[in-house]
Amino acid sequence: MADLPPGSAAKLKSVALESGATVCGVADATAFDAYAPEKHRPGDLLPGARSVVVVGGAQPREGDWAATSPWVMQTMGTTERIQGVGRRLAQYIESEFGYYALYVPPGTASGDTPFLSLMLAAELAGLGSRSLAGPVLNREHGFMYWSAVITTAPFEADGVETSPACPAPACREMWDRERTTPCLATCPGSNGGCLSGKLENGRAVRTFYDAARCNTRVHTHWVGGFQKVLEETLNEPDRDKRKMLLYGDFFTRSLWAITYSSTNIAQCFECMRVCPAAHGLREMR
Amino acid sequence: MAVFKLDPEVYKCYKDEVLKLCNSFQKIDQPGLSDKQIAERLGLDERTVTEIRCVAERDCYSLDEWEKAIEFKRKATLEWSALALKRPDLKPE
């Protein structure tokens, strides 16, 4: 912190919260080296990077979780709201402190690979830890969306979270009773789903994860689905059948999703919908 | 000048190995390698590995799995609505 005025990190966090973030933390840029492959580390994107500022928030509301249509959550994806906070922080760091600040683009660097893992950034900034299902959960606020800024400013880094939100007490009880948890029961790897795992000494241990299948669920009406239908259409010799594929609901919904958003919006929430640590079950009137 | 086109035979030969080594799909306690590291290990150039990885990411499942995803989500969402709203009538058949 030698090059920054005292209280700079605290001031930055206060600006983040005033701008709409629910949580804000700082990770040491070099902490990514042990986990992220090259080209996906802060210093690869911004040479001389010293810190990564991470904000989380924009959680779905109880009404979104309780909706009867899965398309509500994917259409109402609130990820863009937290991205706006990230952009604002980048501007603030440059104008207030005079250091380079790179807002981490939410899109992909190549294929499905992100520029920088925002979940890893959130973990290293002490804002949450990986759940058995995969997403990083904050102990107080559960499931949230993330945004990050890489900067050459040497903000003081926060420590990683030592006590994970997952498994929640209700999940421990369910495990003792049924040898499963809500997320594992909803998306079981042994029965066409993505996940397998166990609780061991009160800790969640994942034993299987079908990432490719998870991708078909998280991005059903998205780039992958679009490519799949397009391939099917190109292989279809019958003109009328081609028309059914291109004008049908699947392709149409995929185009709506793709053209209405410039960012990756998740389309499957089922492991998080049932997760007591992600949002609980707060009754509303 | 055309875009970089991967030789389908090269793809078939290296697809499984690239998927196993890369970081596209999170693995338990095993960080993936960068395209450059994979290229060095397999004796390929980096651009070829990037293309193999991108095609393979999409090639793991057929279109049927996308359709199954829709049904899975429809059912799971209604199950939760029935529980959260205390409306057992919303439960899917």
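From the N terminus on, the elements of chain B run α-α-α-α. In total, chain B has four helices and zero strands. Helices (H or I, at least four residues) and strands (E, at least two) are DSSP runs, numbered from the N terminus. The model is predicted: local features need pLDDT of at least 70, side-chain atom pairs count only at pLDDT 80 or more, and totals for chains, interfaces and linings use all residues. Residues are numbered from 1 along each chain as its sequence is written, chains are lettered from A in the order in which they are written, and side-chain values use heavy atoms, with hydrogens and water left out.

Chain B has a radius of gyration of 20 Å, whereas a compact globule of 93 residues would have one near 12 Å. This radius is taken over C-alpha atoms, and the globule rule is 2.2 Å times the number of residues to the power 0.38. Along the principal axes, the C-alpha atoms of chain B fill a box of roughly 60 × 35 × 25 Å.

Chain B touches chain A through 40 residues of its own and 51 residues of chain A. Contact here means heavy atoms within 4.5 Å. B:Arg58, B:Trp66 and B:Trp80 supply 20% of the area that chain B buries against chain A, more than any other three residues. The area buried between the two chains is about 3700 Å². Carbon and sulfur atoms give 61% of it. Buried area is the accessible area (1.4 Å probe) that two parts lose on being put together, summed over both.

Three salt bridges cross the interface of chain B and chain A. Each requires a side-chain nitrogen of Lys or Arg within 4 Å of a carboxyl oxygen of Asp or Glu. A:Lys39 forms a salt bridge with B:Glu46, with the closest N and O atoms 2.4 Å apart. On the side of chain B that touches chain A, two or more residues come from each of helix 2 (35-42), helix 3 (46-59) and helix 4 (63-84). Helix 4 of chain B gives the largest share, 15 residues.

Chain A holds an open sheet of three strands, in the order 6-7-8, with antiparallel pairing. Its edge strands are strand 6 (129-130) and strand 8 (142-143), and each pairs on one side only. Two strands pair if DSSP finds at least two bridges between them. Strand 7 (residues 136-138) and strand 8 of chain A pair over two bridges. A:Leu137 has A:Phe143, in strand 8, as its bridge partner.
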